[in-house]
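Colleague: Please show me the sequence and the structure, and then let us go through some questions about them.

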Amino acid sequence: MSAYYPSRQDIETAHERILPYIHRTPVLTNAYINQLTGCEVYFKAENFQKIGAFKARGGLNAALSIPKEKLGKGLCTHSSGNHAQAIAYAAKMLQVPAFIVMPSTANKVKVAAVRAYGAEVIFCEPNQKAREEMVQRVEKETGAYFIHPYNDIQVIEGQATAAKELLSAYPDLELLFVPVGGGGLLSGTCLSAKYFGKDVKVYAGEPEAVNDAWQSIQQDTIAPATGNPTIADGLTVSLGNLTYPIIKQEVSGILTVKEDEIRSAMKLVWERMKIVIEPSSAVPLAALLANTDLFRAKKIGIIISGGNVDLAAPLPFQAV
């Protein structure tokens, strides 16, 4: 399986395309976390991004790349939440309808946000097969243009812009750490490290319960999603045939973490950094904390992927 690599120019063009619609999110540091890890850690706070997650970048780049004549009947996608919001937001900006397939177990805050952007939500069973079958039906019935949550070149290019911004602000970073689900953020980050960094290594954190990306690297083929439950609900899908080859070629490692480690990392950020992040966002920090001996004294960038938490539900880290 050969990789299709978006070019440096592709990512630069994507960045220019989406800049009017996104925030250039801040980079935060915390002395206590630096002490715990033995590293200098720089957090790219995409929880402050439009829609509360990095997914706005890829969704907007894909939507804004579609020829106008193909947009008349709107956009559709499937997503557990953040990509759903990205496409709903993009459709609102483009003044077209949006039809979003979401699992019945989706975070209520994310569902409410999708509807607030004016999109129609269609629920399905909480597994990848059900999502894909339902969105195919929606696409056929509505004629809406389908934007895949991660296995799309324009989505990958858009997600790459978060790391591009981080490396522009801190060009001496030695390592980037991101969460991995379908691999849109990870593959995009790998590309930005390659084009805009200086010998920057890229690592991903993944829940042990849904370690299909780790399995894919070990088995040299795309492993299916495990279907296991995890607190990191945004990371429950398998890699795609566009994201996997880039990741296989460019990633330095995928480190898995336990559910309690994710909860502890999330709680640490809430308490020490005073910002709201969602469980998926805590996974790379959890992986760093569990493997400090591998990275001691390194200068590390972590992309906080999002901050969409249902505050009406019990907080995820209360189980600690």
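This is a predicted model: local features need pLDDT of at least 70, side-chain atom pairs count only at pLDDT 80 or more; totals for chains, interfaces and linings use all residues.

Modeller: Residues are numbered from 1 along each chain as its sequence is written, and side-chain values use heavy atoms, with hydrogens and water left out.

Colleague: How many salt bridges does the structure hold?

Modeller: Side chains of opposite charge can pair when their charged atoms come close. A salt bridge here is a side-chain nitrogen of Lys or Arg within 4 Å of a carboxyl oxygen of Asp or Glu. The number of salt bridges in the structure is 16.

Colleague: Which residues are linked with Arg 57 in a network of salt bridges?

Modeller: Arg 57 and Glu 165 form a salt bridge through their side chains, at 2.9 Å from N to O. This pair links distant parts of the chain, 108 residues apart, with Arg 57 in helix α3 (residues 55-64) and Glu 165 in helix α7 (residues 153-169); helices are DSSP runs of H or I of at least four residues, strands are runs of E of at least two, and both are numbered from the N terminus. The network that contains Arg 57 also includes Lys 44, Glu 46 and Glu 165.

Colleague: Is Lys 110 buried or exposed?

Modeller: Lys 110 forms a salt bridge with Asp 233, with the closest N and O atoms 3.7 Å apart. Buried means under 20% relative accessible area, exposed means over 50%, and partly exposed lies in between (1.4 Å probe, protein chains only). Asp 233 is partly exposed because its relative accessibility is 24%. Lys 110 has a relative accessibility of 1%, so Lys 110 counts as buried.

Colleague: Where is Ser 238 found?

Modeller: Ser 238 has a relative accessible area of 10% and is therefore buried. Contact means heavy atoms within 4.5 Å, and, leaving aside neighbours within four places in sequence, the residues in contact with Ser 238 include Gln 128, Tyr 150 and Asp 212. Ser 238 is found in the loop between α9 (212-219) and α10 (243-250).

Colleague: What is the phi of Gln 95?

Modeller: Most residues other than glycine have a negative phi. Ile 51, in the loop between β2 (40-45) and α3, has a positive phi near 65°. Gln 95 lies in the loop between α4 (82-94) and β4 (98-103), and the phi of Gln 95 is also positive, near 60°.
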